[in-house]
Amino acid sequence: MIIVTRPHVTDPELDAIREVVERAGLQTHLSRGEHRTIVGCIGDERMLAEVGLSTLPGVESVIPVLKPYRQVAREFRADPTVVVVGEGEGASIGGNQLAVIAGPCSVEGREMLFSAAASVRAAGATLLRGGAFKPRSSPYAFRGLGEEALALLAEVRAVSGLPVVTEVMDTRQVEIVAEHADMLQIGARNMQNFPLLSAVGDLRRPVLLKRGLSATVEELLLAAEYILARGNDQVVLCERGIRTFKTATRNTLDVSAVPVLKRETHLPVIVDPSHAGGKSWLVAPLSFAAVAAGADGLIIEVHPKPSEARSDAEQSVAPGEFGDLMSRLRAFAGAAGRTMSAIPDNVPVDPGSGAGG
Ligand code: PEP
Ligand code: MN
């Protein structure tokens with residue numbers, strides 16, 4: 001930490017500043033300029049976190065040197081984290097492969113869920129998404145089938161072999177969601193729901209943490225730090241677009257957040273082109289951009305009949321479009337030095353069976 005003093009700081013003021021720093025267990029080093037003096041603080045600056053240094057007489061500014069996050073920082077781990085979702089070999093996110101999570105915005109019933117699972121699996125997705133508890137702007141909108149949807153997700157996992165990802169919105173739902181899902185999603189609106197972050201931090205189950213609508217990269221990393229601080233290091237970060245002045249797209253995909261995050265953290269980083277663009281025709285170009293920027297994966301909304309979707313119809317792609325996207329994605333993945341993640345051969349279950357209820 002570096003303390004910059006006001007011009008003409010007095011010696012008693014300097015002594016008082018040094019005393020406060022040294023009482024916290026750090027050493028000080030003075031650098032006297034013509035007008036100002038810089039106080040360098042040597043030691044663990046986190047010891048000064050609760051000390052109101054900027055309120056001391058003679059202090060102009062306090063500049064931290066260390067990042068506020070610890071366990072999510074790149075330096076904390078020798079290698080990038082690979083998150084394994086699901087039983088057995090599971091589906092990996094992170095490392096050299098590109099993972100694709102796909103499925104409907106909401107679980108609307110058995111037939112559509114099984115059909116979506118079959119088509120995304122056939123196209124090469126390795127994880128299935130589907131919302132049971134939906135955060136909706138309007139209380140009158142479809143808010144998901146809740147526990148009924150959780151049971152369907154567990155059922156479709158058993159027949160498709162695809163691990164399932166679903167959102168948890170409230171600490172009271174954590175237990176039941178964790179009983180059914182392989183990966184728990186914390187949505188954009190809950191990125192700073194600190195009790196919820198701590199609750200999923202107490203689980204030993206992977207978490208997909210989405211960036212808040214107006215969250216900075218640092219705030220996203222600190223939200224992840226809440227989860228790691230409780231002992232759960234199976235966290236995947238997701239850039240899903242942020243609010244800007246632009247109205248042409250639902251949100252603005254912050255492509256640059258991907259390389260910035262990859263530089264700052266060892267955690268895998270994926271992109272949600274569906275919620276970023278808000279239009280089905282934007283999903284492919286935004287996916288390609290994400291891969292070019294270094295994303296470890298994508299989460300894409302796919303609906304058997306997008307026009308009938310009860311949430312996010314406009315941005316949902318049809319199975320055929322998703323298949324085309326996946327074929328084209330291979331080339332982009334190759335250009336980015338990655339291979340597409342695939343389902344292990346020992347999961348030969350026919351995802352079509354069980355459909356039709
Ligand atoms: C979703 O994944 O369907 C969703 C609601 O995402 P977000 O929290 O990013 O808006
Ligand atoms: Mn959605």
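The legends below describe close-up views of one predicted model.

Local features are described at pLDDT of at least 70 and side-chain atom pairs at pLDDT 80 or more, while totals for chains, interfaces and linings use all residues. Residues are numbered from 1 along each chain as its sequence is written, chains are lettered from A and ligands numbered from 1 in the order in which they are written, and side-chain values use heavy atoms, with hydrogens and water left out.

**View 1. The whole chain.** The chain has 10 helices and 15 strands. Helices (H or I, at least four residues) and strands (E, at least two) are DSSP runs, numbered from the N terminus. The C-alpha trace spans about 80 × 40 × 40 Å along its principal axes. Of the 357 residues, 53% count as buried. Here buried means under 20% relative accessible area, exposed means over 50%, and partly exposed lies in between (1.4 Å probe, protein chains only).

**View 2. The surroundings of ligand 1.** Ligand 1 is surrounded by 13 residues, and the closest are Arg129, Lys134, Ala188, Arg189 and Arg240. A residue is counted if one of its heavy atoms lies within 4 Å of the ligand. The shell around ligand 1 has 7 charged, 3 polar and 3 nonpolar residues. In this grouping Asp, Glu, Lys and Arg are charged; Ala, Val, Leu, Ile, Met, Phe, Trp, Tyr, Cys and Pro are nonpolar; the others, Gly among them, are polar.

View 3. A side-chain N or O atom of lysine 134 is 2.8 Å from an oxygen atom of ligand 1. For glutamine 185, the distance from a side-chain N or O atom to an oxygen atom of the ligand is 3.0 Å. Alanine 188 takes part through its backbone, with a polar atom 2.7 Å from a ligand oxygen. Taken alone, ligand 1 exposes 300 Å², and the protein buries 97% of that. Polar contacts are pairs of N or O atoms within 3.5 Å; within protein, one must be able to donate a hydrogen and the other to accept it, and residues adjacent in sequence count only if both atoms are side-chain atoms.

View 4. Side chains of opposite charge can pair when their charged atoms come close. A salt bridge is a side-chain nitrogen of Lys or Arg within 4 Å of a carboxyl oxygen of Asp or Glu, and the count by this rule comes to 19. Arginine 18 pairs with glutamate 22, with the closest N and O atoms 4.0 Å apart. These two residues are separated by about one helical turn, because they are 4 residues apart in helix H1 (residues 11-23). Arginine 18 is partly exposed at 26% relative accessibility, and glutamate 22 is partly exposed at 41%. Glutamate 19 and arginine 23 form a salt bridge with an N to O distance of 3.5 Å. Glutamate 19 is partly exposed at 47%, whereas arginine 23 is exposed at 64%.

**View 5. A salt bridge between two loops.** Aspartate 254 and arginine 211 form a salt bridge, their closest N and O atoms being 2.8 Å apart. Aspartate 254 lies in the loop between strand E12 (235-239) and helix H7 (257-264), and arginine 211 in the loop between strand E11 (207-210) and helix H6 (217-229), so the pair ties together parts that are 43 residues apart in sequence. Aspartate 254 is buried at 16% relative accessibility, and arginine 211 is buried at 5%. Salt bridges with shared partners join Arg211, Glu239 and Asp254 into one network.

**View 6. Serine 287 in helix H9.** Serine 287 lies in helix H9 (residues 280-292). A polar atom of the serine 287 side chain is 2.6 Å from the backbone oxygen of valine 283. Serine 287 counts as buried because its relative accessible area is 0%.

**View 7. Two residues with positive phi.** Histidine 8 is not a glycine, yet has a positive phi of about 60°. Histidine 8 sits in the loop between strand E1 (2-5) and H1 and is exposed, with a relative accessible area of 64%. Aspartate 312, also a residue other than glycine, has a positive phi near 55°. Aspartate 312 is in the loop between strand E14 (297-301) and helix H10 (319-335), and counts as buried at 18% relative accessibility.

Definitions and conventions: Accessible areas come from the Shrake-Rupley method with a 1.4 Å probe; for residues, only the protein chains shown count as cover.
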